[in-house]
Amino acid sequence: MRIKFLPILAHVLAIIAVLPLLWIVISALKPAEDVFDFGWPSSWTLGNLQYVLLKIPMPRFMLNSAIVSITVTVVALFFHSMAAYALARLRFPGRGLIFSGIMSTLLVSLPVILVPLFLVAKQLGLLDSYAGLIVPSIFHAFGIFLLRQYYLNIPRELEEAADLDGCGYWRRYWSVILPLSRPALASLSVLFFLANWNAFLWPLTITRNPDLRVIQLGVSGMQGQYASAWNLILAAAVIAAIPTVVVFVAGQRRLVDAMKTTGLK
Amino acid sequence: MTRKRREALAAYAFLAPDALGLLTFVVIPMVLAFGVAFFKVDGFGNYQYTGLSNYKLMFGDDQLLASLKVTAVYVVTFVPIAFVVSFALAMLVRNHFKGIGWVRAAFFLPNVVSLVVVGLIWQFLLVDKRGALSKLLAPLGLGDVSFLGTPSLALGTYVVISVWFLMGYQMLVFLAGLKDVPRELEDAAAIDGASSWQRFRFVIWPLLRPTSFFVVVNSTIGAVTGLQAFDLVFVLTKGGPARATSTVVLYIYEQAFTFNNLGYAAALTTVVVAILVLCTGLMFGVTRGGRFDED
């Protein structure tokens with residue numbers, strides 16, 4: 001009896017959990033005057049989506065976010081895999097110390113170092129620039145940690161074969177380790193893309209120029225400008241959320257693998 | 001050049017980009033906070049040494065006190081609720097059943113959407129009187145309740161939304177931990193006549209302690225300093241009404257970028273870091289690093 005009851009409960013709870021999201025999608029497709037009505041719209045409209053895409057520089061916001069998210073993801077994967085390769089595979093003085101140093105930065109989150117980070121970025125001339133949005137977002141210990149764990153489990157023999165062929169360290173990293181770590185890189189790329197597409201606080205702090213506005217800033221800015229035009233705000237929110245949901249659905253398994261590793265596995 | 005030296009040089013070269021980056025954008029800011037805290041910094045970036053005056057300022061700062069209270073209440077409500085909810089969800093979706101993939105994805109989905117969008121979603125659902133929740137509660141006579149506009153309710157609302165946002169992530173962490181609980185142990189207990197509660201209490205729960213510990217530490221740090229403590233309140237309530245949802249990190253942001261008190265904000269940053277180090281240390285001390293299974 002229990003066996004039948006629990007799955008049903010799980011399904012019901014799952015529907016409740018996604019209901020707010022579903023509600024917003026449906027409401028974004030309603031005409032302005034019906035936006036607060038319950039349930040199915042009496043008439044569907046794409047007007048809200050059209051309006052935010054054409055009358056508000058939503059495509060520009062999305063382009064900015066895409067540039068930032070993709071650049072950060074690619075560069076971060078490159079740097080982190082290099083660092084992880086050294087930490088997992090090479091012997092050198094200070095390895096333990098450097099590793100614990102990198103790991104200890106895991107405790108630090110953006111809201112904590114926001115103010116001094118802003119001062120550093122200012123000194124480096126990064127205010128109000130793509131570089132300012134991109135460069136500080138690249139460095140995070142979690143990716144290094146995850147890739148290192150992965151590299152520790154790649155059999156040494158594979159690398160030794162390359163060594164015998166006379167490959168230097170760079171070739172061993174580039175042609176042996178990197179291709180073997182595709183699953184881990186794929187997991188991290190999903191994670192990094194989502195984190196950067198969804199980033200709000202850092203872009204808010206470092207950019208003033210409207211041309212540099214990223215999607216989350218653009219959407220939150222609708223609050224003030226279109227205070228009670230909920231049909232438009234929701235349309236913008238849905239547009240901002242679509243890429244994340246698509247990436248999630250496409251990379252679900254990969255994302256779950258990476259997330260589980262945060263549980264110190 | 002010996003092989004050993006070549007290897008070491010290669011290693012440093014591989015490490016250089018990330019090491020320099022972390023140094024510049026994490027370590028130096030951390031250290032810098034402790035330096036800037038002794039200065040008064042105006043909007044034009046002029047620094048003036050003022051000794052401990054930023055710290056003295058804190059004692060008379062009622063808004064800081066209010067923010068510390070908000071963060072404290074948020075931590076002691078959010079952490080246990082999120083723990084119980086996500087643990088329960090993990091137990092619920094632990095064993096295979098038809099459609100389990102969709103159910104797990106559904107619980108996780110809110111975590112994929114940005115906190116800005118989450119804030120807007122709930123603002124819309126909680127609009128006074130006309131919002132979905134007010135209409136839903138109207139038959140119970142609760143249609144006039146303003147969940148985000150009443151100081152005594154806003155913080156609780158923020159907690160509930162945070163739990164909805166983060167439960168799927170914590171559920172995944174618990175699921176990963178549950179994978180390490182050997183089935184044979186549970187089966188053996190069942191054969192010995194242990195009830196499902198006893199199996200949970202005496203088999204699963206002790207074996208899950210390291211995971212539970214990780215979740216509690218992680219979720220406490222997140223509640224104090226995570227993006228959930230900034231993005232969500234910034235969009236949802238801007239810290240209001242009557243500063244009822246003004247978290248410490250939001251207050252620091254306001255001091256720095258609304259009032260241009262960068263020195264004071266840096267001093268506040270150092271206090272948050274100190275509290276955090278203290279709390280984590282305390283938790284590790286009390287629980288011996290989560291290794292309770294040795295007692």
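**Figure 1. Confidence of the predicted model.** pLDDT is the predictor's confidence in each residue, on a scale from 0 to 100. Chain B has a mean pLDDT of 90, with 97% of its residues at 70 or more. For the model, ipTM is 0.91 and pTM is 0.91. Where pLDDT is low, the predicted coordinates should not be read in detail. This is a predicted model, in which local features need pLDDT of at least 70, side-chain atom pairs count only at pLDDT 80 or more, and totals for chains, interfaces and linings use all residues. Residues are numbered from 1 along each chain as its sequence is written, while chains are lettered from A and ligands numbered from 1 in the order in which they are written.

**Figure 2. Secondary structure and extent of chain A.** Chain A contains 14 helices and zero strands, where helices (H or I, at least four residues) and strands (E, at least two) are DSSP runs numbered from the N terminus. The C-alpha trace of chain A spans about 70 × 65 × 35 Å along its principal axes.

**Figure 3. Transmembrane annotation of chain A.** The unreviewed UniProt entry places the feature "transmembrane region" at residues 5-26, 61-85, 97-118, 130-147, 184-206 and 226-250 of chain A; positions follow the numbering used here, feature names are shortened, and annotations may be inferred rather than shown by experiment. Residues 130-147 of chain A are 89% helix and 0% strand, with end C-alpha atoms 27 Å apart. Residues 184-206 of chain A are 87% helix and 0% strand, and their end C-alpha atoms lie 31 Å apart.

**Figure 4. Contacts within chain A.** Of the contacts in chain A between residues at least 6 apart in sequence, 73% join residues at least 24 apart (contact: C-beta atoms, placed from the backbone, within 7 Å).

Conventions
Contact = placed C-beta atoms within 7 Å.
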